[in-house]
Amino acid sequence: MSTSRRDFLKLSALAGGGLLMQGWLPAQAASDTGSEVGYFVRILPSNTLEFWLTHHEMGQGVGTGMAMIFAQELGADMAQIRVLPVPDTADTRYVLSGTGGSNCIKDNYLHLRRGAALARAALLSAAAKRWRCAPEQCRTARGFVTGPQARQRLAFGALAADAAALGSPANRDEFRKLQPTLSERVSGDVVGKQQVNVFADAIVRGKQNYGIDFSVPGMLFASLERAPQLRGRVLRFDPSAALKVPGVRAVVKIEAHEEPTNNLAAPALFFSSKESVAVIATSTWAAMQGRKALVVEWEKPAGVLHSNASWEAHAAQALDRELAVVKETGSAPADRANVLAAEYVYPFQAHACMEPMNCVAHHKGSRAEVWVGTQGAIGWRNQLAKIFKLPESEVVVTPQFSGGAFGRRFYMDTAIEALRVSAAAGNVPVKVVWTREDDLRHDHYHPYSQSRLRAALNPDGSLASYEHDEARAYFGNPRGEHPWFVYDSPHVRYAFASLQGASPLQGGAWRSVVANHWAFGQECFIDELAQAARKDPVQFRLDLMRSGEDKPSGDRYKVSQARMRKVVEKAAELSGWGKLLPSEPGVQRGRGFAAYPYMHGNSYCAMVADVEVRGGQLSITRVVAVVDCGLVINPDGARQQVEGGIMWGLSAALHGGVRLADGAVTNTNFHDTPFCRNGETPHRIEVHFVEEPGAAPTGLGEIAPPLIAPALCNALFAATGKRIRRLPLEL
């Protein structure tokens, strides 16, 4: 549908002759939260185009990808684009959306194209007016508008003032009604071409500022000693030694905050912080030295203070009790003789961000300001206003560039603490810096999950029944979504027990969230079933997707067999599945397969891992990943996302997990919470994409991590005959 000139021109002039375009567009139906997306584009007379990024950049390349979509539709050149962060939540022209769930590109794709189409139409009209022709006779390409006659060519910057004079600023309701004509060409000029991350140069040169670098004049610094156990309390503390440390100004108790945020039985602790004692000083070093001298006696919370062993037993007891059946289709077969069963355990996982948590905050009494790397600035503003009993208009969150967050920076304990310390310090600005030890011991951890899987096989190897019982500490409402099971079975049952109320740790989103434990259990168990059916694991999967039906999974998603089949077949082809691996005395070699969707991003992946075990040492010699994420915006960035996801999931498979003693985390730093070293990295990673012509992009950031653990474990079984059913794996 085209739009009239009067409709699309929601523009204003800049001093100096540029064009400024602002507006708001409603979130499309695919956005589950119903949140809105704002954009803001400025074309300067120099022909520089400033693209204001409304999502959080943490090195994942969202700023580059979103700018590429805009540039493709507008007809701009990426070389003329500068990507800038939206200033803060006080400027209501922008709507800062949450960044996570592989949703940024997927949910913003059409909005970005619409915004760019509006700007393009304005520029074409301005050019057509000069050349006395119809706008339809003009074109945009590489930052210029060309006319119907030879030598009719003007830069966007030269037309910006004229384009701005054609309209006036829009209000939000008017803007929602606009329906610009989108380009028929969705890729080829910018989209689909290799593009280096626009922030890469500053990052590698050490010029990129992060949240931890931020400062305001006159600020103090604080380091907090937090309760070792969840819901622990300060019994008493002695500040005298800490106050003797040069630079220490004050030592104060900081109250905990706990608030339920969903409809599960116990608080989800999404917006929570632990009780603590803060040492406030004139530098971070002084604050940390004062903290070392601090003496605090803690009161432990009531109830069982779990170790890993007692927590496992608690989860097993929950599975032994009658569970809530969340989903059941068909009837269980009467003959239970040919039933296979296995139990899979996925541990708590820490985010272990390279940049430790930090926050600068200033509580001014009737107003509060926060400067922080956050994946959810608007949500933080709203909740902080509620917690500190301030009007939302008097709370300002200014997002900062951050290191990799992987879900950790959705949680606002950093801001709650910092604002409370600021108020306690006399309403002065304060920077709170966490240590690495703080991060590992007081995280919002990926939830523990223990699953019991059962399946009955028909004589021909097809499924007669598939049952999944799960006990999980926290994340998400199981009635809203349940394991993304794509295979054909006349009877499917999923039952759930919440461990949330007794969990010793506060849960949270961790890259790929629920897909991690679901994919690990399901895809290892499918391998077990294939072996029992005496079928090739790939052919077994394909045979279980013969119906071609989309499978409903909770209230929100349908899993596509057609898309899954395509990545499975392609991964088998590209990996050389079925060919024998070379044999060598004393070396065990094996190849493993796994396939799973990521429905928050509506994408699909199949992965093959080749391993060898030599002298008891594991090597991953090759990983082949085939991904269907719809339209690939930036092939370079997309490949990096998959490669990074494989390394993220591999670190969790080999070294992840949290150690518990007396209800507290005992992990301390990277020496006892390692990531994969160079020697553990797959010798070769191959990433391939399957695209449908005309498809829109789906999600990418979280598709790969869940696949590597089952692919690896299945390869180890092929090599050694040993089944691995819990992580981190042990040979």
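In this predicted model, five strands form an open sheet with mixed pairing, in the order S14-S22-S21-S20-S15. A second open sheet, also of mixed pairing, has four strands in the order S25-S26-S27-S30. The protein has 17 helices and 30 strands.

- Strand S14 (324–329) and strand S15 (339–346) are the edge strands, and each of them pairs on one side only.
- On average, neighbouring strands of this sheet are turned by 10° against each other, direction ignored.
- S14 and strand S22 (residues 492–498) run antiparallel and are joined by five bridges.

**The four-stranded sheet**

- In the order S25-S26-S27-S30, the edge strands are strand S25 (587–598) and strand S30 (685–689), each pairing on one side only.
- Neighbouring strands of this sheet are turned by 15° against each other on average, direction ignored.
- Twelve is the number to note for S25 and strand S26 (residues 603–614), which pair in the antiparallel sense over 12 bridges.
- Within this pairing, Ser603 in S26 is the bridge partner of Tyr598.
- Helix H16 packs on the sheet and touches S26, strand S27 (617–628) and S30.
- The direction of H16 makes about 130° with that of S30.

**Helix H16 against helix H17**

- The axes of helix H16 (residues 635–655) and helix H17 come within 7 Å and cross at roughly 50°.
- The two helices, H16 and H17, are therefore oblique to each other.
- Their crossing is right-handed.
- From H16, the contact involves Gly645, Ile646, Trp648, Gly649, Leu650, Ala653 and Leu654, while H17 contributes Pro705, Ile708, Ala709 and Leu712.
- By residue class, the contact of H16 with H17 has nine nonpolar residues, two polar and no charged.

**Helix H13 against helix H17**

- H17 (residues 705–720) also meets helix H13 (residues 515–532): their axes come within 8 Å and cross at roughly 30°.
- Because angles under 35 degrees count as roughly parallel, H13 and H17 are therefore described as roughly parallel to each other.
- H13 passes H17 in a right-handed crossing.
- On the H13 side, the residues in contact are Ala515, Asn516, Ala519, Phe520, Glu523, Cys524, Asp527 and Gln531. On the H17 side, they are Pro705, Pro706, Ala709, Pro710, Cys713, Asn714 and Phe717.
- The residues of this contact divide into 10 nonpolar, three polar and two charged.
- Pro705 and Ala709 of H17 are listed in the contact with H13 and in the contact with H16.

**Overall dimensions**

- Taken along the principal axes, the C-alpha atoms of the protein fill a box of roughly 80 × 70 × 50 Å.
- A compact globule of 731 residues would have a radius of gyration near 27 Å, and the protein has 27 Å, which agrees.

Technical notes. Residues are numbered from 1 along each chain as its sequence is written. This is a predicted model: local features need pLDDT of at least 70, side-chain atom pairs count only at pLDDT 80 or more; totals for chains, interfaces and linings use all residues. Side-chain values use heavy atoms; hydrogens and water are left out. Axes are lines fitted to C-alpha atoms, for helices over the stretch in contact, and angles run from 0 to 180 degrees between N-to-C directions. Angles under 35 degrees count as roughly parallel, over 145 as roughly antiparallel, 65 to 115 as roughly perpendicular and the rest as oblique. A crossing is left-handed if the near helix is turned anticlockwise from the far one by less than a right angle, and right-handed if clockwise. Contact means heavy atoms within 4.5 Å. Ala, Val, Leu, Ile, Met, Phe, Trp, Tyr, Cys and Pro count as nonpolar, Asp, Glu, Lys and Arg as charged, and the others, Gly among them, as polar. Two strands pair if DSSP finds at least two bridges between them. The radius of gyration is taken over C-alpha atoms; the globule rule is 2.2 Å times the number of residues to the power 0.38.
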